[in-house]
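Visitor: Can you walk me through this one? I have the sequence and the picture up, and I would like to start with a single residue.

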Amino acid sequence: MSALVLPMTTSAVCKTTILDLSTLLFGLICSDGVGRSTEVEVVVEEERLSNSSVQALPESRRHLMDLDEGELFMELIRDVANELDIDVLCHKILVNVGLLTHADRGSLFLAKGTPNNKYLVAKLFDVTQKTALKDAVTRARAEEIIIPFGIGIAGMVAQTKEMINIKQAYQDARFNCEIDLKTGYKTNAILCMPICNYEGDIIGVAQIINKTNGCMEFDEHDVEIFRRYLTFCGIGIQNAQLFEMSVQEYRRNQILLNLARSIFEEQNNLECLVTKIMTEARELLKCERCSVFLVDLDCCEESHLEKIIEKPHQLEQRPSRAIKGGDSFEEKQNMRNRFTVLFELGGENQAANVSRPSINDLSTSTLAQIAQFVATTGQTVNICDVHEWVRDHNQIRAESDREIDSTHGILCMPIVNAQKTVIGVAQLINKANGLPFTESDASIFEAFAIFCGLGIHNTQMYENACKLMAKQKVALECLSYHATASQDQTEKLTQDPIAEAESYNLYSFTFTDFDLVDDDTCRAVLRMFMQCNLVSQFHIPYDVLCRWVLSVRKNYRPVKYHNWRHALNVAQTMFAMLKTGKMERFMTDLEILGLLVACLCHDLDHRGTNNAFQTKTESPLAILYTTSTMEHHHFDQCVMILNSEGNNIFQALSTEDYRSVMKTVESAILSTDLAMYFKKRNAFLELVENGEFDWQGEEKKDLLCGMMMTACDVSAIAKPWEVQHKVAKLVADEFFDQGDLEKLQLNTQPVAMMDRERKDELPKMQVGFIDVICLPLYRVLCDTFPWITPLYEGTLENRRNWQDLAEKVEMGLTWIDHDTIDKPVEEFAGCADEEIKDIEFTVTTLNCNQQQSQHGGDDSHTPEHQRSSSRLSIKKTGALGKVVRSKLSKTLYNSMDGSKPKTSLKLLESHVSEDMDDKSPTSPSQPQAGSMGRMSASSSTSSAGTVDKTKKRSKLCALL
């Protein structure tokens, strides 16, 4: 609805008879329960407006003169009922009140402030019937009037919620004539009345001055009209304020959304981000200046350098960042890192200033010290009187009064990151209207501080990430340089003659690298590439291939098993499967290239520990890769070598071929993770059981390559027994080293296969490994591809050998000694060329009874359970070699007449002389009397009823 403004003069007279307002108003808001209204007599007032004034009214409002007072009242209520602009609403209220009460001018004050510090702010002041809205708003904003509750006439009305009607203003002590003196206007009568919301709380005060119809005071009729009209106006003002708050909230949300957008748009420029946030905060909160102090969080290069050059004992003595309650403010400041960057934003036309304040600048600035106080305590401060606040906080030293004299109010708030660490302080200085900052301002500013913290933290993290990426790039450059084979090595290998594949035994599944020197291993790899025609097929420069092979070898660590020679064996098995096993007919040349590269690189930079160990120790690799940790690292190292200068053997491939071969390499290397093998195995078995013969589909080819990689990776289990036994020692030693690390670093008990104290269980665990992984894999492969049957047969043979050892261990044979894993003793019976050392041989006969003595030592007629037990011990007088121990074992275990003893013996390499009650006669360590009787033929026998020990030194040949 458009504004209804009716200009009136003091001499205007209305000739229309109007009704008393109470007739209609009580019918609207004071009706009784049955809808009946209290009727009030009509008060007639003639000739209130002159005919000339009526002629001067605007055409749009001239019809108001034809309305009676009740109709006019309702029309003016409709005029303000739907108005949501608070400025327009207040202007209409004052104009309409002047029209109803014949007041010369009026003012409207709105209540502001906290419950403990409420005050009135003049929304519009001295508005007459002729005052335009724009002029009224401009004047009110230029001369903002603030009246505390309880001060002056309007303040008393706001505090007491009671109307004040003054007939002679200058005779009332509450009247302030200062404005009259400035304007030259004389105030006579004043009617001031509170404006309340629907809850009865004061939301404003309306005040009208002087009558225009010749009366010297506001009568009861004016008071009643004023009161009833303000009742409706209170609801309208509250609605307008709610609407204004919603508009402000919408604007605030839009600003915060823009800030959130800026966090990601300006994440590479901290200065632009902070400047944009400060600009938005200054404009929304209407303050003169805005500052942001950033705290140094050990991100600068100086702090980084200080950390590097600090000695270890100095690192331990570095002060904690935690704040102790008993520390003084200065001590807290010293423990906290100082502000390193200061952003300052002044007026609207001023650009942001970015500086790096010195310690002296911070110590001499009161504003900086207040910011430091906020950073140290983490508290938000809202300062209305800077002088008083500084006096109350004597730790703040005001070096210059000039700075705080120009500061009326300060709102200072900490900026925190996601870890709740203070990373800066935001500071607003002086509201533009001169008022103190309110709780609403603090709430809005808190949102800015949160976004500022997120933005600053995000930008700092982005900068740190960029620095780390740069450092990583430098580190990779250095690593590539040192990881790449030297030019001399490359030239030498390039010029070396490469023997035929047969001379290296590359086509055989029984290949072993034990007799190859390191240079021969590289030559063997080159021969495999040439034999597969990969060098010419993919135009690989020969010197690049040689350098790449040497670089791959160089990047394997000297661990006991997962080293370069293991990679060579895996690659050779793949070569044998492709050539001898005729698997190449299922592969393209590009896939063959990818598989050989994957085999050679599948354990690059292996540390001798498995994925579980990386996860338990929370190593950087485990953080970088959550699944198949080491396998992903092996592939990354493979890519790193290929990207090194002079090592890219794929350089002649097209983009599509390069993408394809790298996908093959990655999938093949990841397939060496046994966890991945178990995932793929069922799908592969399902294809085989369904009689699949076409392996050219992408998924089928991936499954086949994965099974081939696993078969090659564990192919040591199918080697000849002498090779397999030696390899098992290397694997076990590496596992035991990891178990020792778990005990030392994690203080946990390792699994059996990695527990050095359970090394005797290794044969049994080898049998389990063969049954669970190796045999099922090789069985299904040889059933589908019969040319690789040697792998299955070799595994079966080794399983029988391991099972035999496992049974001997259960019988009491210690198949390995205490320091190293050794060959089983029965494997060396045929070796007779080792020098025989002297040993001390002792046979001890225990518990010999009288019956035995009477029979002259013949126990053939004595029951077996009554026969005496003897004790055998061997004491080294020299180095007891493997041949000695093997021959001795053959003698003891197979007996002289070729029959096996009924119970097993345990050989002791140290002299034993225990009492006769140390072990029971049924102990596995004590042979039966019959066996001992035959073995004691070359030694003296014991006398009856006593324990007789006879020692005789002899050569092992005499014993045998």
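Guide: Start with N269, which lies in the loop between α8 and α9. Keep in mind that this is a predicted model.

Visitor: Is N269 buried, exposed or partly exposed?

Guide: N269 is partly exposed, with a relative accessible area of 30%. That value falls between the 20% limit for buried and the 50% limit for exposed.

Visitor: And how far is the C-alpha atom of N269 from that of Y462?

Guide: Those two C-alpha atoms are separated by 9.7 Å, while the residues are 193 apart along the chain.

Visitor: Changing topic. What volume does the largest pocket have?

Guide: About 1,900 Å³. The lining has 48 residues, and the closest to the pocket's centre are K112, E244, Q248, K431 and S440.

Visitor: Which elements give two or more residues to that lining?

Guide: On the helix side they are α4 (86–101), α5 (133–142), α8 (220–265), α9 (270–285) and α17 (439–483). The strands are β1 (103–114), β2 (117–127) and β6 (202–211).

Visitor: Which one gives the most?

Guide: That is α8, with eleven residues.

Visitor: What does the lining look like by class?

Guide: It has 22 nonpolar, 17 charged and nine polar residues.

Visitor: How many residues of β2 are buried?

Guide: Eight of its eleven, so β2 is mostly covered, where buried means under 20% relative accessible area.

Visitor: What about β2 and strand β3, how many bridges there?

Guide: Three, and the two strands run antiparallel. β3 covers residues 146–148. Within it, P148 is the bridge partner of Y119.

Visitor: Now β6. How many of its residues are buried?

Guide: Ten of its ten residues are buried.

Visitor: And what are the bridge counts for β6 with β1 and with β5?

Guide: β1 and β6 pair in the antiparallel sense over seven bridges. Strand β5, residues 190–196, also pairs with β6 in the antiparallel sense, over seven bridges. For a residue in each case, L108 has A206 in β6 as its bridge partner, and C196 has I202 in β6.

Visitor: What sits between β5 and β6?

Guide: Five residues, as the two strands form a hairpin. In the turn, G200 has a positive phi of about 90 degrees.

Visitor: Which residues other than glycine have a positive phi?

Guide: H539 is one of them, with phi near 55 degrees. E618 also has a positive phi, of about 55 degrees, although it is not a glycine. Most residues other than glycine have a negative phi.

Visitor: Where are H539 and E618?

Guide: In loops. H539 is found between α20 (534–537) and α21 (542–554), and E618 lies between α24 (611–616) and α25 (620–624).

Visitor: Buried or exposed, for H539 and for E618?

Guide: H539 is exposed, with a relative accessible area of 59%. E618 counts as exposed at 61% relative accessibility. Both values are over 50%, so they pass the cut-off for exposed.

Visitor: Back to strands. What is the order in the open sheet of six strands?

Guide: The order is β9-β8-β7-β12-β11-β10, with antiparallel pairing.

Visitor: Which strands stand at the edges, and what does that leave them with?

Guide: β9 (353–355) and β10 (381–383) do. Each has a single partner strand, so one side of each has no neighbour in the sheet. From one strand to the next, the twist averages 15 degrees.

Visitor: How many bridges pair β7 with β12?

Guide: Seven, in the antiparallel sense, with β7 at residues 287–295 and β12 at residues 422–431. R289 stands opposite I429 in β12.

Visitor: Last one. Which helices lie across strands of that sheet?

Guide: Helix α14 (residues 366–377) lies across β7, β8 (339–345), β10, β11 (410–416) and β12, and runs at about 135 degrees to β12. α17 lies across β7, β11 and β12, at about 35 degrees to β11.

Conventions
Residues numbered from 1 in each chain as written. Predicted model: local features only at pLDDT ≥ 70, side-chain atom pairs only at ≥ 80, totals over all residues. Heavy atoms only, no water. 1 Å grid on protein atoms, 1.4 Å probe; cavity = no way out; pocket = protein on both sides within 12 Å on 5 of 7 lines; lining within 4 Å. Points joined across faces, edges and corners; volume = space filled by probe spheres on them. Helix = DSSP H or I, 4+ residues; strand = E, 2+ residues; numbered from the N terminus. Nonpolar A, V, L, I, M, F, W, Y, C, P; charged D, E, K, R; others polar. Buried < 20%, exposed > 50% of the residue type's maximum accessible area, 1.4 Å probe, protein only. Pairing = 2+ DSSP bridges. Axes fitted to C-alpha atoms, helices over the stretch in contact; angles between N-to-C directions. Contact = heavy atoms within 4.5 Å.
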